[in-house]
Amino acid sequence: RKKIIITIDGWSSCGKSTLAKQLAKELNYVYIDSGAMYRAITLYFLRNHVDWTDTQEVQKALEDIQLEFRYNENSLQSEMYLNDENVEYVIRDLVVAEKVSEIAAIKDVRTFAVNQQQEMGRKKGIVMDGRDIGTVVFPKAELKIFMTADNKIRVERRFKELFEKNPNITIEEVKNNLEMRDYIDSHREVSPLRQADDARVLDNSKIGMDEQLKLALSWVHELI
Ligand code: C5P
């Protein structure tokens, strides 16, 4: 069977990574969470007090950042490593989420991440989720999915996820963060979030996980 590239873009917390993981497992493809890369870069900038309004400082910092996805035999998932440290868990923190969109809007940061993402897709057989994967990273991908879901559902989902780790978190905080990220992500100058012309829209507000997988797989099987 021929291998293809599947891109999944869309708003924050509308289930992109869940679908991407399902598809990768089903098809035996590699799954890449591009957002984890922007989150790891953000973590590095925060920890090292990088002044990201200064282009030179950003460029210098990027030279010291090594990103890698490593497969974890226990969780059966690939996890984000920043300079050999497993950061998969800490990058999900709201502290990172509060700054990530600002940092992901920087041109040099995007070039740094996009080059590595394109390299990962060279052999195809990959599912990558993010904001600009179908428009910028793999404009020629065979299957492009654009995901949406009702705002309220997205906030509840992300709240549940974050609450498990931090019971002090409020629904307001989560809602504000999602709205802020979606606004910045869709209004930035460099590769803003938008639906590719040839993307298929998947709204998962009312359908379950099994159904969304079935639908996406039916699209895959039209192609391979
Ligand atoms: O996917 P996730 O919500 O973890 O992504 C975190 C942030 O990283 C997004 O809000 C966005 O600012 C940035 N991002 C991006 N381009 C991508 C993936 C993520 O700008 N391809």
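Me: Which residue stands opposite Asp-129 in S6?
Reply: Asp-33 stands opposite Asp-129 of S6, in a model that is predicted, with local features requiring pLDDT of at least 70, side-chain atom pairs counting only at pLDDT 80 or more, and totals for chains, interfaces and linings using all residues. Residues are numbered from 1 along each chain as its sequence is written.

Me: What makes strand S2 (residues 30-33) and S6 a pair?
Reply: Four bridges join S2 to S6, and the two run parallel; since strands pair if DSSP finds at least two bridges between them, S2 and S6 therefore qualify. Strand S1 (residues 5-10) also pairs with S6 in the parallel sense, over five bridges, and there Asp-129 is the bridge partner of Ile-8.

Me: Why is S6 (residues 126-130) called mostly covered?
Reply: Five of its five residues are buried, that is, 20 or more other C-beta atoms lie within 10 Å of their own, with C-beta atoms placed from the backbone. Ile-126, Met-128 and Gly-130 point one way from S6, whereas Val-127 and Asp-129 point the other way, and all are buried.

Me: Why are H1 and H9 called oblique to each other?
Reply: Helix H1 (residues 16-27) and helix H9 (residues 209-223) pack at an angle of about 55°, with their axes 10 Å apart. Angles under 35 degrees count as roughly parallel, over 145 as roughly antiparallel, 65 to 115 as roughly perpendicular and the rest as oblique, and H1 and H9 are therefore oblique. The contact (C-beta atoms, placed from the backbone, within 7 Å) includes Leu-23 of H1 and Leu-213 of H9.

Methods: Axes are lines fitted to C-alpha atoms, for helices over the stretch in contact, and angles run from 0 to 180 degrees between N-to-C directions. Two residues are in contact if their C-beta atoms, placed from the backbone, lie within 7 Å. A residue is buried if 20 or more other C-beta atoms lie within 10 Å of its own, exposed if 12 or fewer, and partly exposed in between; C-beta atoms are placed from the backbone.
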